[in-house]
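Please read them alongside the sequence and the coordinates.

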Amino acid sequence: MNRRLLHLTLFILLFSLLTPISSLSAASKPSANAVIVSVTGKASITPRGGANAFRAFPGMPLRQGDTITTGEEGSVTLKIASPESVRTLGPNSQATLSRLDAGSRFMMTMRSGSVWSSVKPVAGAVEDAIEAPGIKLNVRGTNFLVLVDPNGRVYIAVASGLVSATVTEPSAAASDVHSVLLAPSQQMNLNLSSLPANLQDSVSVIDVDALVEQTDLPLHKAILLSAPSITQENTNFIESLQRALNAGQPAVIDRDGTASDLSIPDASELDKVSRNLQYLVSHIARASLQAYPAEAGQLTRLIEEVNAQIPGTVKDIALNETNAIDPLAGISDAGFRAKEKEQARLDALQLQAQQNHNQLQKTFQELIAQLKQSNQRLAEENRSVLDEFQREAEDLYVRQLSPQELAAYQAAKQQPQSNEGNAGTSTAPSSTSEPTNPAPAVALRKIDTATGFNLDLQLSNFTGTKAVYAAEFHFISGSAIQAGSANVRLLNDRYFSAATSTDAIQSIEGTLGSAPEPMTETIYAATNFGAAAPVSISNGVFATLPFTASSSGTLRLFYVKVVDRTGATLLELTDGSSQLPAPILYTKP
């Protein structure tokens with residue numbers, strides 16, 4: 001197999017697609033039922049049915065089908081008018097507003113990341129829900145957190161209100177119960193690829209340290225801002241349970257036929273649950289301060305502002321709270337043992353997943369080290385490809401000349417050539433100094449066809465002393481994507497005369513180590529020859545390459561070299577360069 005293909009195939013596997021960001025189109029007229037109220041860091045919106053993402057900004061209206069994506073340090077808070085709620089997405093999150101019917105239905109589909117929801121009480125006919133891979137959560141006036149891990153783990157924590165969780169994963173057939181009801185102060189840890197025999201065993205009292213550890217500062221702030229509504233809802237919740245006990249009735253927590261396993265047989269157990277609810281936000285605040293000491297001043301001011309909104313002082317957020325959360329409050333001894341066993345099972349699965357991840361990281365690091373060692377050899381190999389192609393093109397041209405033409409051609413080669421003009425022409429050097437031009441650049445544009453796509457190689461800022469004489473481009477793809485006919489001229493005749501230029505395209509097949517899937521390296525080279533002058537391209541299509549595709553796949557440009565008539569390099573981009581265009585993603589219709 002070609003050595004360049006081997007090394008650069010390894011390299012390409014370490015990279016993913018980038019999402020273009022632009023300004024919001026004035027033609028977009030989304031519903032005002034959902035509006036972004038704040039943005040931190042990088043965040044974008046992809047409209048329903050759209051391919052490009054738009055930078056998110058406060059005041060930006062959203063509509064059904066829009067997808068919100070946040071960056072590594074990004075967050076977005078949006079307000080839903082009806083059913084009324086405020087949602088905060090944490091860093092590295094992606095969610096789609098899959099239902100946005102004013103006054104009746106709201107549904108958010110979480111693909112990854114985290115979201116804190118503060119939902120006003122809603123009527124029975126109104127639906128407010130969050131979907132995540134394998135699970136659906138229905139609420140009616142609730143403050144709760146949802147985390148979706150790319151490895152298939154889902155975490156839910158309820159600070160107030162009730163959350164009905166229904167497992168929709170096909171493997172749910174292995175579980176005795178497909179729906180559970182989470183009460184205030186409860187959390188749920190699920191590995192959807194390995195569900196417990198009893199879904200209730202995945203529900204336990206919130207572990208504050210674990211909650212804070214796996215969330216970020218924007219969500220902590222959102223939780224603190226929700227403290228007044230959390231306090232009021234929990235006060236109403238405890239009072240309703242107390243009334244039932246006072247009337248000699250069981251303090252049952254259920255909704256729509258699904259009961260919570262939070263057991264409150266008497267006033268003593270109710271008091272334990274009540275104290276957990278009272279201390280919960282205080283413990284979250286203290287843990288957040290410990291996790292983000294640099295933000296202590298900002299968090300303290302926020303807590304003071306929130307406390308001013310809570311009636312009285314007994315239920316304020318107290319940073320000096322010493323009463324611990326009781327993991328046994330409202331849980332029977334047998335239930336607690338079953339939950340401990342399930343948590344141990346989840347911890348073992350998580351440990352195995354982490355070990356697998358570490359092994360992959362180690363493998364990737366070894367591949368990167370190999371790539372770094374091969375970079376110098378790769379550059380040497382690439383330098384020879386274009387030189388050889390140019391020599392062959394000139395030899396072919398010279399063999400066609402008569403002795404008189406050959407003498408004229410050799411004499412012309414000794415004359416200085418202009419670096420401006422179109423194919424086959426030259427102009428006198430300018431007597432004025434040449435302005436500084438922007439840096440030369442390469443871009444790609446895909447145009448879908450019936451059998452695959454055409455790819456425009458777009459060059460910009462190759463003008464003046466940086467006019468183009470020859471260039472080569474190297475791509476890599478899966479075997480599903482193949483270059484078109486090698487016997488067709490692909491150069492743009494607007495710039496290059498067919499009489500004094502030539503091009504060629506070649507594909508090389510190979511495999512990566514023991515991997516069963518073959519890879520394809522496609523090399524395209526083009527050059528002027530004879531009396532042709534270098535070509536000035538301020539912004540245009542250098543050539544159009546046809547590709548056929550038997551299935552969906554990705555094509556990546558990983559090496560570019562552009563030279564002038566003397567062979568001096570005008571632009572050379574090697575694997576890993578930030579100036580290389582993003583990969584081309586082709587989706588088979």
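1. Strand 28 (residues 553-563) and strand 29 (residues 569-573) run antiparallel and are joined by four bridges. Strands pair when DSSP finds at least two bridges between them. Valine 560 has leucine 573 in strand 29 as its bridge partner. The two strands form a hairpin with five residues between them, and in the turn glycine 567 has a positive phi of about 95°.

2. On the basis of these remarks: the model is predicted, with local features needing pLDDT of at least 70 and side-chain atom pairs counting only at pLDDT 80 or more, while totals for chains, interfaces and linings use all residues. Residues are numbered from 1 along each chain as its sequence is written, and side-chain values use heavy atoms, with hydrogens and water left out.

3. Overall, the protein has eight helices and 30 strands. Helices (H or I, at least four residues) and strands (E, at least two) are DSSP runs numbered from the N terminus. Of the 589 residues in the protein, 47% are buried; buried means under 20% relative accessible area, exposed over 50%, and partly exposed in between, with a 1.4 Å probe and protein chains only. Among contacts in the protein with a separation of 6 or more, 64% are between residues 24 or more positions apart, a contact being heavy atoms within 4.5 Å.

4. Three bridges pair strand 24 with strand 27 (residues 537-549) in the antiparallel sense, and glutamine 482 stands opposite threonine 548 in strand 27.

5. How do helix 5 and helix 6 cross, and at what angle? The axes of helix 5 (residues 267-291) and helix 6 (residues 296-307) come within 9 Å and cross at roughly 165°. Axes are lines fitted to C-alpha atoms, for helices over the stretch in contact, and angles run from 0 to 180 degrees between N-to-C directions. Helix 5 and helix 6 are therefore roughly antiparallel to each other (angles over 145 degrees count as roughly antiparallel, under 35 as roughly parallel, 65 to 115 as roughly perpendicular and the rest as oblique).

6. At this helix pair, Ala285, Ser288 and Leu289 in helix 5 meet Ala296, Leu299, Thr300 and Ile303 in helix 6. The residues of this contact divide into five nonpolar, two polar and no charged. Here Ala, Val, Leu, Ile, Met, Phe, Trp, Tyr, Cys and Pro count as nonpolar, Asp, Glu, Lys and Arg as charged, and the others, Gly among them, as polar.

7. Alanine 285, in helix 5, is buried, with a relative accessible area of 3%. Leaving aside residues up to four places away in sequence, alanine 285 touches Leu224, Ile303, Ile317 and Leu319. The C-alpha atoms of alanine 285 and leucine 319 are separated by 6.9 Å, although the residues are 34 apart along the chain.

8. Serine 288 also has its place in helix 5 and counts as buried at 1% relative accessibility. Its contacts, not counting residues up to four places away in sequence, are Val212, Leu217, His220 and Leu299. Between serine 288 and glutamate 213, 75 residues apart along the chain, the C-alpha separation is 8.7 Å.
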